[in-house]
Amino acid sequence: MKKSKTSQHSYKLAVAKRSAFSVLLIRCCMFFALLLMGVSAGFAQTTRTSVASGNWSTASTWSPAGVPGASDNVIIANGNTVSLTASVSTTSTLTVNGTLNRANHNLTAGSLSGASTGVITSTGANLVVGGNNSSTTFAGTFSGSASSVLIKRGTGTLSLTGNSNYTTGTVSVERGTLRLGVAQTLPAAASVIVYNGGTLDLNGNNQQVALLQDGFTTTNPASPVAIVTNSATATATLTIGVVGVVNGSSYSSIMSGNLNMVVNEDNGIDLIGSGFGANVNITVSNGAYLSLGFPSYTTVLGGNLSVATGGIVN
């Protein structure tokens with residue numbers, strides 16, 4: 001049966017339309033594929049590893065050559081010393097296997113990790129890590145001095161397994177957990193502030209600090225409260241202060257786990273509230289001072305309280 005000229009024309013027109021639509025569809029697919037490739041390239045992470053000692057801001061310090069960008073992963077290799085000449089920030093990972101000299105500049109990184117050969121030294125300013133919420137281990141040390149030797153943010157856990165020797169500076173746990181991996185992870189000169197939403201975990205290790213405080217800011221609301229704990233079964237001892245050195249600690253949040261707290265401060269530590277667990281035992285040394293609450297505040301200790309001769313409890 002022969003098709004009429006009108007039918008043949010309609011058929012050819014339909015085929016042509018389908019062909020044109022297919023071409024348009026293919027072109028659209030190709031366009032969006034190229035667009036996605038461009039977007040991915042724009043957000044691609046580069047891992048830059050130091051190949052020599054030098055300044056962070058010098059392209060030849062790194063491989064591939066180039067100054068680390070805001071989303072680049074950074075590795076400082078063992079044997080290399082990389083120095084900051086200005087404040088820098090990366091939302092990605094920072095691995096310190098060599099030496100990072102911050103001098104008096106701020107450094108912000110999404111996370112911090114590194115081997116026992118890693119050293120982070122400074123003369124001031126702040127080191128802020130943890131914003132990418134990952135859990136990492138830094139086995140190296142902090143040395144020198146700083147306004148804030150370490151500010152821990154993010155919901156992850158940062159484990160420190162080296163023995164740091166910096167002389168002055170504050171360690172702040174603003175979010176997540178700071179876990180100690182060896183006895184005396186921080187030097188006795190350390191000042192520690194645990195903010196609401198943060199946890200300091202002794203993890204079975206004894207630690208002496210110059211000062212202990214808790215606190216909250218507008219970014220650290222009243223709940224959840226700060227926590228100082230010992231997650232290990234073995235009892236850990238937290239020693240506050242040095243007799244004869246005036247600091248003035250205060251803590252009003254949760255203290256838990258098998259934990260002995262030794263008060264050495266002659267200016268005392270103020271303990272407020274009822275967040276002190278049944279296995280938290282407190283000893284006040286000779287010449288030290290412990291204040292249990294202020295007027296209108298009540299303090300309830302869950303564990304034992306021992307006071308040496310010459311110690312004062314008010």
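Buried here means under 20% relative accessible area, exposed means over 50%, and partly exposed lies in between, as computed with a 1.4 Å probe on protein chains only. The legends describe a predicted model, in which local features need pLDDT of at least 70 and side-chain atom pairs count only at pLDDT 80 or more, whereas totals for chains, interfaces and linings use all residues. Residues are numbered from 1 along each chain as its sequence is written, and side-chain values use heavy atoms, with hydrogens and water left out.

**View 1. The salt bridge between Arg48 and Asp72.** A salt bridge is taken as a side-chain nitrogen of Lys or Arg within 4 Å of a carboxyl oxygen of Asp or Glu, and by this rule the count comes to three. In the pair formed by Arg48 and Asp72, the closest N and O atoms are 3.0 Å apart. Arg48 belongs to strand 1 (residues 47-50) and Asp72 to the loop between strand 3 (62-63) and strand 4 (73-76), so the contact ties together parts that are 24 residues apart in sequence. Strands, like helices, are DSSP runs numbered from the N terminus, with at least two residues (E) for a strand and at least four (H or I) for a helix. Arg48 is buried, at a relative accessible area of 13%, and Asp72 is likewise buried, at 6%.

**View 2. The salt bridge between Arg153 and Glu174.** The closest N and O atoms of Arg153 and Glu174 are 2.9 Å apart. Arg153 sits in the loop between strand 12 (141-152) and strand 13 (157-160), while Glu174 sits in the loop between strand 14 (168-173) and strand 15 (176-180), so the pair links parts that are 21 residues apart in sequence. Arg153 counts as partly exposed at 36% relative accessibility, whereas Glu174 is buried at 14%.

**View 3. The salt bridge between Arg179 and Asp201.** Here the closest N and O atoms are 2.9 Å apart. Arg179 lies in strand 15 and Asp201 in strand 17 (residues 198-201), so the pair ties together parts that are 22 residues apart in sequence. Arg179 is partly exposed, with a relative accessible area of 29%, but Asp201 is buried, with a value of 1%.

**View 4. Parallel pairing of strands 7, 9 and 12.** Strand 7 (residues 99-103) pairs with strand 9 (residues 119-122) in the parallel sense over four bridges, with Leu100 opposite Ile120 in strand 9. Strand 9 is in turn joined to strand 12 by four bridges, and these two strands also run parallel; Ser122 stands opposite Gly144 in strand 12.

**View 5. The largest nonpolar core and the surroundings of Leu100.** A nonpolar core is a set of buried Ala, Val, Leu, Ile, Met, Phe, Trp, Tyr and Cys residues joined through side-chain atoms within 4.5 Å. The largest such core has 53 residues, and those with the most contacts inside it are Trp56, Leu94, Leu100, Phe142, Leu150, Val228 and Met255. Strand 12 gives the most to this core, with four residues. Leaving aside residues up to four places away in sequence, Leu100 touches Trp56, Ile76, Val82, Leu84, Leu94, Leu107, Val119, Ile120 and Thr121, contact being defined by heavy atoms within 4.5 Å.

**View 6. Backbone details at Pro64, Ala125 and Gln184.** A cis peptide bond, with omega about -5°, joins Ser63 and Pro64, and Pro64 is found in the loop between strand 3 and strand 4. Ala125, in the loop between strand 9 and strand 10 (126-129), has a phi near 65°, a positive value in a residue other than glycine; Ala125 is buried, with a relative accessible area of 12%. Gln184 also has a positive phi, near 55°, and lies in the loop between strand 15 and strand 16 (191-195), where Gln184 is partly exposed at 27% relative accessible area.

Definitions and conventions: Pairing = 2+ DSSP bridges.
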